[in-house]
Amino acid sequence: MKKQTKIIWNVGLIAALLLLLFILEQVVPSSSMLFMVLKKGAIYALVAVSMNLLNGFTGLFSLGQAGFMLLGAYTYAILTIPVESRASVYQYFDGGIVQFAIPVPLALIAGGVVAAVFAFLIGLPVLRLKSDYLAIATLGFAEIIRAVFQWDKLGPLTNGSNLLRNFPTFQSVLYPFIVAGICIGLIVLLINSTYGRAFKAIRDDEIAAEAMGINLAHHKQLAFVISSFFAGVSGGLLAMYQTTIQASMFKSAMTYEILLIVVIGGIGSVTGSCIGSFLFIACSEWWLRFLDNSNLYIGDFHLSFMRPGFRKVVFSVIIMAIVLFYRKGLMGDREFSIEGARRFFQKHFKKKQAVEGGSSHE
Amino acid sequence: MEWITKNLPYLMAGISVGGQYALIAIGYTMVYGILRLINFAHGDIFMVAGLIMVYAVTVMPMPLALLLVVVATVALGFLVERAAYKPLRSAPRMSVMISAIGVSYLLQNLALYITGGLSQQYPAIPWLSDTVTILGATTKRVTLVTPVLTIILVVVLGLLIKYTKVGMAMRAASRDFETSQLMGIKINSVISMTFVIGSFLAAVGSMLYFTNYTGVTPTAGAMPGLKAFVAAVFGGIGSIPGAVIGAFIIGICENIIKGVGWTTFSDAFTFALLIVILIAKPTGLFGEKAIDKV
Amino acid sequence: MKKRVLSVLLAAAMLSTLLAGCEKKPEAAADGTEAASGDVVTIGVFEPASGDNGAGGKQETLGIQYANYVTPTVEIGGKEYTVQLNIVDNESSNDKAPSAAATLVSAGASVVLGSYGSGVSIAGSDTFKEAGIPVIGVTCTNPQITEGNTHYFRICFLDPFQGTVLANFSSDNFGAKKAYVLTKLGDDYSTGLGHYFTEAFEALGGEVIEETFQEGNSDFTSYITSAKNEGAEVFFAPSSTEVAALLIEQAASQGLEIPLLAGDTWDSNVILNAAEGKNVDIYVSTFYQEGGNPEFDAGIKEWINSDATAKANNGGDDTVSGLTVMGYDAYYVALEALKAAGSTDPAAVNEALWDVTYTGVSGDISFNEIGDANRDAAYIKHANTETGAWDFVAEQSVAE
């Protein structure tokens with residue numbers, strides 16, 4: 001396919017998706033779990049792609065995503081709570097010190113910027129560290145940020161460790177899709193640019209990349225800051241989705257979840273991260289919930305092993321199975337495209353025959 | 001004298017919790033030394049050891065239960081390695097680490113399912129959980145026993161690594177994984193042995209830890225696990241004495257911070273300490289510098 | 001070969017969960033009709049069954065289930081409806097609360113009961129608000145829950161009240177001038193109650209030392225040492241039962257001699273079990289004292305003892321917690337509202353709730369203009385470490 005047709009196809013696909021969502025929203029009752037999953041899935045898709053930019057494309061193993069999401073979420077919430085409800089939200093701190101509110105899109109960007117600024121400052125010392133050490137240091141920073149935001153002395157700004165609430169939330173399921181879509185689009189453009197190629201070179205071999213004249217420190221810093229910016233934006237979106245936020249939500253478990261999404265989708269695949277995120281959220285929040293129902297019968301046989309918590313066991317078993325048997329994730333490092341899908345089916349049938357013949361290898 | 005009575009409890013709590021972190025940290029550091037794997041599931045194995053104890057004492061006498069905890073925990077560590085890490089030996093390191101996160105997730109969720117999500121009361125181990133008074137400060141006997149037991153175990157472990165064949169194989173494997181294979185070391189049994197030792201120490205650690213802090217919840221292993229891991233990195237990951245010293249430092253600092261009144265930052269401080277040491281000396285206190293071969 | 005079989009199996013497993021997920025709704029409906037073969041009204045139960053507040057949430061749910069067992073049907077608009085409880089676990093976690101709430105909304109609940117724990121109640125509130133479903137808070141005591149909302153009601157007292165009661169109690173009974181207040185970071189219940197206690201205690205001329213602990217912390221020895229060193233006369237620790245058990249154990253082993261005070265969450269047999277046979281002095285404020293309604297006590301004890309799951313959920317014995325009583329009353333308040341509304345439409349129920357009055361086991365229940373219960377009394381109980389039961393100390397109210 002020519003490049004132009006490709007673009008037309010992609011634009012058409014996106015438009016069709018948005019239209020489908022729009023129609024769904026008119027047809028399906030808004031209380032359906034479907035929309036919860038779609039909204040959260042879109043948000044996690046964004047943060048997973050931003051993490052993928054670091055881990056998958058630049059080879060920087062960072063576990064600080066939850067911390068940057070926290071920064072974004074707090075910035076968003078602090079800047080958008082309507083002035084009249086500040087007194088009740090900041091009830092222990094006399095209404096807080098921020099006495100204005102800005103429009104939602106600006107606040108989202110501000111959230112990203114704050115996360116990016118922090119990332120820049122954190123990046124100065126920690127990006128010199130290698131692989132695992134970098135992961136631990138960023139994880140540590142995320143925990144420190146969380147503790148600082150819970151500090152009572154910062155209460156007038158952050159409301160201490162208490163909930164922030166009453167800020168604007170989603171009106172339509174399209175909103176997170178459009179914002180996340182734009183952001184992911186920007187990331188894809190970045191990956192396909194000179195910078196993106198430099199990132200990949202660093203991932204594949206740092207020393208070789210440096211020898212080719214790529215400024216390691218500069219490019220790593222850039223990837224880290226950009227990834228954190230989008231993590232911040234997704235934090236703001238998450239705040240809109242959750243309707244209330246609190247520092248204690250952004251634990252390291254959250255980062256692990258995102259990492260799992262990235263790996264399930266395929267490290268180094270943007271579409272993989274998106275697909276992985278929707279599947280992950282749908283499984284954990286929706287599809288498996290029936291397993292928690294303790295009153296399920298098959299005939300007269302009471303399924304007594306089904307009780308609250310069983311859903312999570314099944315879910316983690318599925319995840320383990322994917323990790324062990326689909327090491328490269330759903331997409332590997334490939335991307336989803338119409339052409340690719342067609343080729344996949346063609347190849348798959350061919351491969352089947354080939355494997356049949358040569359199965360003695362395994 | 002009064003000053004001692006007032007401040008001794010902080011120090012005692014710090015040393016005791018430090019000893020417990022140390023026992024967990026050894027498991028992290030040994031596995032990392034050989035496999036270069038951050039075994040995220042280690043903290044959860046520690047938690048499972050606690051749960052096994054809770055359920056074991058309801059059906060059998062205490063000494064038998066203690067034995068069962070050790071045996072079952074060791075078996076669990078062995079199984080986890082065989083099921084979740086061994087198949088990924090040739091896979092990229094990231095995959096193995098994700099597998100570790102997956103195991104951690106699975107163990108926590110299994111515990112959640114079995115306990116119904118409620119905190120389980122850890123049984124009182126006689127003698128260990130008796131109250132004693134020293135220099136006017138009251139505490140459980142386990143507080144005093146922990147550091148002593150920890151040091152004994154570490155010395156024994158040190159001798160084991162230095163003088164036995166398995167120990168030598170471990171050292172060889174952690175120095176150079178591939179060459180040691182070529183030299184005829186059965187790498188899989190060495191790795192299993194590391195997990196067995198790590199889990200054994202985690203089981204002992206869980207008895208000491210939960211005797212002091214008696215609630216076992218599905219996430220009870222997460223924080224001690226993370227702290228122990230930080231301790232291992234702090235001391236220089238791969239180094240056993242480093243992990244032990246790191247654990248004591250972190251345990252004591254944490255309690256002093258609480259004593260001073262900066263309670264909000266007691267966890268954050270641990271990480272701040274970690275970051276400072278990583279930046280100043282990236283391989284930790286006792287870590288060996290890795291050389292990049294081009 | 002092996003791998004391929006596995007991947008096929010895996011794919012099949014995922015597919016079957018997918019299918020099962022799709023079947024979920026009709027299945028639930030079939031369940032209900034099977035039991036009732038008639039009209040069904042769904043009452044959502046939004047309670048934690050796991051996590052920090054799992055123990056309390058389960059006891060509260062127990063009261064609701066018992067009430068449902070006693071009165072499984074309700075007459076709405078001249079028709080007999082079977083009440084179906086839809087119990088969802090919010091995992092004591094503020095970030096899981098919205099999706100748990102959405103599950104109830106999509107199950108078509110007419111009214112929701114819950115939650116134990118103020119943070120999750122606030123976090124789930126907006127989801128219910130958007131769907132227009134009224135919620136009756138059972139024991140969530142933070143003022144922010146009902147403030148500014150028309151869909152959230154509650155049948156318990158509030159933290160400013162409870163904090164004042166406890167502050168008065170500690171100054172009246174122990175003549176305390178110095179209190180050590182330990183709250184959990186990020187827990188709205190804990191910080192809220194701690195705040196109001198501090199306010200009231202300082203107004204009485206006392207001095208307060210405030211400390212906080214992080215989630216996941218299980219080492220309280222340093223806090224106890226600090227409280228001793230500072231010469232505090234009462235130790236106030238509004239917290240979950242999970243923390244309580246740890247705290248009591250460590251307080252006993254360190255020989256903390258001052259009284260331990262806490263709010264309604266500690267009214268649980270977890271506390272009694274932890275304190276039994278130890279040298280600790282524990283006081284709690286709560287909604288109900290066992291023996292207040294012997295008939296109810298006998299009935300629920302019999303039910304708990306006859307049902308192994310219920311007994312396990314109650315912590316393994318038949319002590320009646322104030323939480324269970326509140327859950328029981330909340331169920332009847334919901335039924336009253338359904339009757340008054342004459343319809344299962346959430347909006348109608350919401351409208352009707354404002355005027356509901358009901359005399360429950362825990363006392364008279366009616367709502368003021370914010371949606372809070374008009375309550376002016378709390379019971380103070382003392383844990384008897386020898387018998388492992390609660391002793392009644394006083395009924396306290398706040399003089400305006």
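**Reading helices, domains and interfaces**

Student: Let's start with helix H6 (residues 188–203) of chain C. What should its 16 residues span at 1.5 Å a residue?

Tutor: Keep in mind that this is a predicted model. The expected span is 1.5 Å times one less than the number of residues, so the 16 residues of helix H6 (residues 188–203) of chain C should span 22 Å.

Student: Which way do residues point along a helix?

Tutor: An α-helix has 3.6 residues a turn, so residues three or four places apart point the same way.

Student: How many residues of H6(C) are buried?

Tutor: For H6(C), 13 of the 16 are buried, so this helix is mostly covered. Then look just past H6(C): there Gly205(C) has a positive phi of about 90 degrees.

Student: Now a single residue. Is Phe93(A) buried, exposed or partly exposed?

Tutor: You count the other C-beta atoms within 10 Å: 20 or more is buried, 12 or fewer is exposed, and in between is partly exposed. Phe93(A) has 19, so it is partly exposed.

Student: Where does Phe93(A) lie, and what is it in contact with?

Tutor: Phe93(A) is in the loop between helix H4 (83–89) and helix H5 (104–126) of chain A. If you set aside neighbours within four places in sequence, Phe93(A) is in contact with Gly155(A), Pro156(A) and Asn159(A). Sequence and space are worth checking side by side here: Leu154(A) is 61 residues from Phe93(A) in sequence, with 9.7 Å between their C-alpha atoms.

Student: How is chain C divided into domains?

Tutor: Domain 1 takes 37–157 + 296–366, and domain 2 takes 159–286 + 378–396. Taken over C-alpha atoms, the centres of these two domains of chain C are 27 Å apart. Where they touch, 20 residues of domain 1 are in contact with 21 residues of domain 2. On the domain 1 side, helix H2 (54–70), helix H4 (118–131) and helix H12 (322–341) of chain C each supply at least two residues. That side has five nonpolar, 13 polar and two charged residues.

Student: And between chains, how many residues do chain A and chain B bring to their contact?

Tutor: Chain A brings 32 residues and chain B brings 31. Helix H6 (131–149), helix H12 (252–265) and helix H14 (310–325) of chain A each give at least two residues to the chain A side. H6(A) gives the largest share, ten residues.

Student: What classes of residue make up the side of chain A that touches chain B?

Tutor: That side has 23 nonpolar, four polar and five charged residues.

Key: Residues are numbered from 1 along each chain as its sequence is written. Chains are lettered from A and ligands numbered from 1 in the order in which they are written. This is a predicted model: local features need pLDDT of at least 70, side-chain atom pairs count only at pLDDT 80 or more; totals for chains, interfaces and linings use all residues. Domain bounds come from an automatic or database domain assignment. Two residues are in contact if their C-beta atoms, placed from the backbone, lie within 7 Å. Helices (H or I, at least four residues) and strands (E, at least two) are DSSP runs, numbered from the N terminus. Ala, Val, Leu, Ile, Met, Phe, Trp, Tyr, Cys and Pro count as nonpolar, Asp, Glu, Lys and Arg as charged, and the others, Gly among them, as polar.
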